[in-house]
Amino acid sequence: MLSRILGLLRDIVLARVIGAEALADAFFIAFKIPNFFRRLFSEGAFSQAFVPVLGEYRERGGQFLVRELVSRVFGNLGLILLLLSLAVVVFSPVVTGIFAPSWYFDFPEKFSATASMLRITFPYLFFISLTGFAAGILNTYDRFAVPAFTPMLLNITLISAALFAAPWFEEPTLALAWGVLCAGAIQFAFQLPFLKQIHMLPMPMVDWQHSGVKKILSLMAPAIFGVSVSQINLLLDTILATFLPTGSVSWLYYSDRLAQLPLGVFGVAIATVILPNLSRYHAMNSKDSYSLTIDWAIKMVLLLAVPAAAALMLLAYPVLTTLFLYGDVMTAHDMQMAALSLRAYALGLVGFMLIKVLAPGFFARQDMVTPVRFGIIAMAANMVMNLLFVVPLHYSGNPGHVGLALATSLAACVNAALLYFGLRRDEVLKNFDEVSSFFKRLLAALFFMIAVVYVSAVFLGAMDAAVWQRFEWWQRLLRLFAVCGCGLLMYVSALFLLGFRLRDLRGPVA
């Protein structure tokens, strides 16, 4: 929660320092490219394969065998990341051309700035992927607080770069690029003492013949294929966004970051906790605990994601304006465009969060093929919808970036549905009637929440753009808190009256 709040503060600072102009677009692309690869080496195929194997070694092997595995994985992963980082630094214009081909011909200055910043930002991949490796070890040993706190260091570093380093640079975005690189190194260094505490500080060794390494590689193979498809889809999103009017990349960034707030606070947190536990239950052959854990995770996601999605759709413009519309860097037009894509992203919020908790139901059983197959279907649908939505919108004079956000959201819902019915087919999910009853009560509470939020928003001027812009920042903030507070109070009260109790939040016990 603290990390995401700081992330929101970071984006507010970025909006005031670089706004949504051409070089802001360049920075966001230069930051997006290492994060593009991060999903493969840290949060994607690697972690999905590494954590279940590490959990199995911890459950069935001794401390020496676990340390042996950790050291060899660290050495192999570090070598790959180092070579990749060097290659991209040398050939940064080529990589930039892949992600933003239109800029090479139409906006050469923006293209050159992106390539220069990419040389600075891309080595961030080396550090942040090793940070993810360390976090996987700590989570497996039930040390969740340190990996959860670590992203705060990224936000603190970028805020410091924007506020204190940027004035010393002719172009503020260069200060932010250096801030990204420093943040990666700081996050990795921060976790090392905690690895030492649990006697898991790795001694890097390159060994491709180790049985655990071979198993991780065999599990990664289908996952890499699936992640590659998703990354190709993200690449298509980025390429299409660079063909749209200046500001489109930034509008998508700000709206996506706001939609990511509930996903990061709740969806990622729940997924992070359940994956090592599911891996342990699978190793113990505890099928009931395994099933109950996923049921609990689904309920928690629905409880949090459904009202968050509804609130973001209703209050997209007042929320974005309250957070980002200050000074001359951002304009009311920027906020209107970002609000449109935020509403589109909010449509898929439940799907995004369900993917986070349903996919571990397969990964923990070391079934990488099934979620990859579902992911490929969803990504193919996303690519088709991108072309169906974006091209007609753009050439008809409408904001084409909304089509990108909408396609992403609908594809997430397709993926979540496939994962859900896949787990039911495998008889991992057995309590369908209980979850269905829970969801019906939740929808009833949601109806009352939406009514209260809308009425209070109209009363306090949040639904009238002209009125809302005339308020000072503190007036907007107080009124927004009042609207959200009324909605939250009604939602919680309605849930309680419909039979929900705090004990329903408790997770299953093995």
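**Aromatic pairs.** I searched the whole structure, a predicted model, and found 19 aromatic pairs. Here rings of Phe, Tyr and Trp (its six-membered ring) pair if their centres lie within 6.5 Å; planes under 30 degrees apart count as stacked, over 60 as edge-to-face and the rest as tilted.

I looked up Phe37 and Phe122, an edge-to-face pair at 5.5 Å centre to centre with 75 degrees between the planes. Phe37 lies in helix α2 (residues 22-41) and Phe122 in the loop between α7 (108-121) and α8 (124-140), 85 residues apart. Helices are DSSP runs of H or I, at least four residues, numbered from the N terminus. Phe122 counts as buried because its relative accessibility is 0%; buried means under 20% relative accessible area, exposed over 50%, partly exposed in between (1.4 Å probe, protein chains only).

I then examined Phe74 and Phe133, a tilted pair at 5.6 Å centre to centre and 40 degrees between the planes. This pair joins helix α4 to helix α8 across 59 residues. Phe74 is buried at 14% relative accessibility, and Phe133 at 1%.

**Thr408.** I located Thr408 in helix α19 (residues 401-425). Thr408 is buried, as its relative accessibility is 17%. Its side chain reaches the backbone oxygen of Leu404 at 2.9 Å. Beyond neighbours within four places in sequence, I recorded contacts of Thr408 with Asp237, Tyr345, Phe352 and Asn382, contact meaning heavy atoms within 4.5 Å.

**Conventions.** I number residues from 1 along each chain as its sequence is written. Local features need pLDDT of at least 70, side-chain atom pairs count only at pLDDT 80 or more, totals for chains, interfaces and linings use all residues, and side-chain values use heavy atoms, with hydrogens and water left out.

Methods. Helix = DSSP H or I, 4+ residues; strand = E, 2+ residues; numbered from the N terminus. Polar contact = N/O pair within 3.5 Å; in protein donor to acceptor, adjacent residues only side chain to side chain.
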